[in-house]
Each structure stands twice: as structure tokens, then as C-alpha cells.
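Grab a pencil and have the viewer ready.

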Amino acid sequence: MNDQAHSLRQLVSSHQPSDHVTGTTATRTAKIITVSSGKGGVGKSNFTLNFALTLQSMGKKVLVFDADIGMANIDVLMGIRSNYSLYHLIKREKRIEDVILHGPEGLPYIAGGSGLADMLSLSEEEMNYFISEIERISAEMDYILFDTGAGLSKENMRFITSADHCLIVTTPEPTSITDAYALIKVVHSTDPSVPFSLVVNRADDETEANEAASKIILTAQRFLNIDIQLLGSIADDTHVVQAVKRQIPFTSAYPRCNAASDIRRITLRYVTVPTATLPEAPRGIKGFMQRWLKRTK
Ligand SMILES: Nc1ncnc2c1ncn2[C@@H]1O[C@H](COP(=O)(O)OP(=O)(O)O)[C@@H](O)[C@H]1O
Ligand SMILES: [Mg+2]
């Protein structure tokens, strides 16, 4: 296993972008963001989906990657179903265009599914194909959002510490706050360079949101010596529940509801106020893959 991981790492660091990537003038370095939480059920998937749609409405190119291995369900929130997942891509049965689903407003979406667990047993040839396909698509993107699972699993840690930025979602509940902090602490002890920002979901009002955010931000400042940027809060809003039942993203189903205007405010802030990025180069999908493979040690 060690030998294999070693040769995969060498493969990634020596991998040159394929011709069609270098051939285009529109090559971008997509920023890789993980959306994570300590506790489950805090609204990560709803946030990821509606944040992605709002970024897209502001002219950004966004790809959503469902990386919650146990409970991937963004497709359900969009009312679409995936026939193919990463599995078919890594087995070279499909090209990346075939495993990308298009949600509302054409939002590109990849279901990680069981394929994620198989990543480490890839042959060099399979890995090479996977990397060139993923680099090809990411060259067209501004952001790749990974909706990760909740908590401190090894898989989550590996995703978070490989990405350019970690966006933490919490609710004002004490258990959600303490679990969010625990996650930040463990990520930070694994890799102190990972930058965080914070969204408080399901807040009753601004005061409650700020109180919840302060607990995390001040504790992180004091004990970890890191600055966590508060991107904003999202109201506890029954329109979200209604939208989930209708399988339509709430920003599309109820664009004037409180939660939707909160998402727009957060997104605007995200694109206008620069968020911290990993200082370590290279960034984007190439850096992500390098770090991700390094973390399999
Ligand atoms: N802002 C909100 N207001 C009201 N209910 C919400 C809100 N955000 C999430 N929910 C509820 O929480 C449930 C879980 O959300 P989800 O995004 O699936 O969480 P996670 O991905 O973190 O497990 C949703 O189905 C919805 O009922
Ligand atoms: Mg989820």
C-alpha cells in the first residue's frame, strides 16, 4: 500500500496538464473549498447547493462535488438522480462530462459516492486518466465546492486538509458549536495552514448568530491563535424545509425568503472580501490531489 501511495504521489507531482487544458486560453485555477461541520444535519448540503447557485448567478463558474461518503444527497435536494458517479470515471468507463449532472440553472454536480473509497486502489493508468479528466474540468471553474461529511472521520480530515479553504457551518446549538470547534482544532493540529471561515445557520436573529460565532472565533483566537472569518448567518426559515420537501433549492423556490437573501449577502461578501487561502503552492485541483495523496501516508 505504501509503495502504491508513493508512486501515485509521484504521478501527481509529475503530471502535466493535458493538451486541451494548455491549449485553452481560459485556464483557471479553481479554488477548492470544503463545506464542513462538526455535527451532522446543520444545513451543509443546503448551504453548499444554494451558495453554489448564487455564486453562479454572480457569473462565477462553480462545480459541486458531493463528498459526503455516507450521506451524499445534494442530488435529492435538486430533484435529480445520478446514474454515474466517480466510480465510473475512475474505472475509465465514462468521461468526466458523463458523470457530471446538471442541476437547476445548469449547475454542474458530481456525486462522489462509493468511488471515493476506491481512489486509493487505482492503478497508475487509472489515476492518470482521473487526474487529467479532473484537471480538464477544473480549468473551466472558479470554484469547486466539496460538501463533506460531518465530524472527525479520516476521510473528512483528508479532504479538509487538502483543500484551499474550509468553510464551517454551525447552528447556534451548543452541541453544534462545540463540535465545530473540535473539528477546527483537529484540522488545525493536522495542518495549521488551513484557512477557515464560518457561517451560522438557523439563527433566530442577528444577536444569536453573533453570539454563536463569537464563541468559536474567540476560542480559536485564544487557544489556536488563528483568525476565523465570519461570512454571515442564515435565518432559521421554514421556507428551507418547504424547499427540501419540494426538492427545489430554496434560493430558486423562494428567492425572496429570509434564508435566500441571507445566502446572497454571504455570497456577495465571499466574492468581494478576500478570504484567506492556503499559502502552500500549488493550489487548485493539482495541489489538492497532491496533498490528498500525501495524507494517505
Ligand atoms: N436555514 C434553515 N432553516 C430551517 N431549516 C433548515 C435550515 N437549514 C437546514 N434546515 C433543515 O435541516 C435539514 C438538514 O439540512 P442539510 O443541508 O441536509 O444538513 P447537512 O448536510 O449538514 O446534514 C434540512 O432538511 C432542513 O429541514
Ligand atoms: Mg449533507
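The exercises below walk through a predicted model, starting with its ligand and ending with a pair of rings.

**Exercise 1.** Find where ligand 1 sits and which residues come nearest to it.

*Solution.* Start with the pockets: ligand 1 sits in the largest pocket. Next, look at the 15 residues around ligand 1, where Lys44, Ser45, Asn46, Asn201 and Asp237 come nearest. Then sort that shell by type, which gives 6 nonpolar, 5 polar and 4 charged residues. Finally, check the elements: α3 (44-57), β7 (196-203), β8 (229-235) and α12 (238-246) each supply at least two residues of the shell.

**Exercise 2.** Work out how far polar backbone atoms of Val42, Gly43 and Lys44 are from an oxygen atom of ligand 1.

*Solution.* Go along the chain. For Val42 the distance is 3.1 Å. For Gly43 you get 3.0 Å, and for Lys44 it's 2.9 Å.

**Exercise 3.** Classify the ring pair Phe51 and Tyr270, then say what the pair ties together.

*Solution.* The model has 8 aromatic pairs. In the pair of Phe51 and Tyr270, the ring centres are 5.4 Å apart and the planes stand at 90°, so this pair is edge-to-face. Now place the partners: Phe51 is in helix α3 and Tyr270 in helix α14 (residues 258-272), so the pair ties together parts that are 219 residues apart in sequence.

Note on methods:
Residues numbered from 1 in each chain as written. Chains lettered and ligands numbered in written order. Predicted model: local features only at pLDDT ≥ 70, side-chain atom pairs only at ≥ 80, totals over all residues. Heavy atoms only, no water. Near = heavy atom within 4 Å. Polar contact = N/O pair within 3.5 Å; in protein donor to acceptor, adjacent residues only side chain to side chain. 1 Å grid on protein atoms, 1.4 Å probe; cavity = no way out; pocket = protein on both sides within 12 Å on 5 of 7 lines; lining within 4 Å. Sits in = over half its atoms within 2 Å of the grid points. Helix = DSSP H or I, 4+ residues; strand = E, 2+ residues; numbered from the N terminus. Nonpolar A, V, L, I, M, F, W, Y, C, P; charged D, E, K, R; others polar. Phe/Tyr/Trp six-rings, centres within 6.5 Å; stacked < 30°, edge-to-face > 60°.
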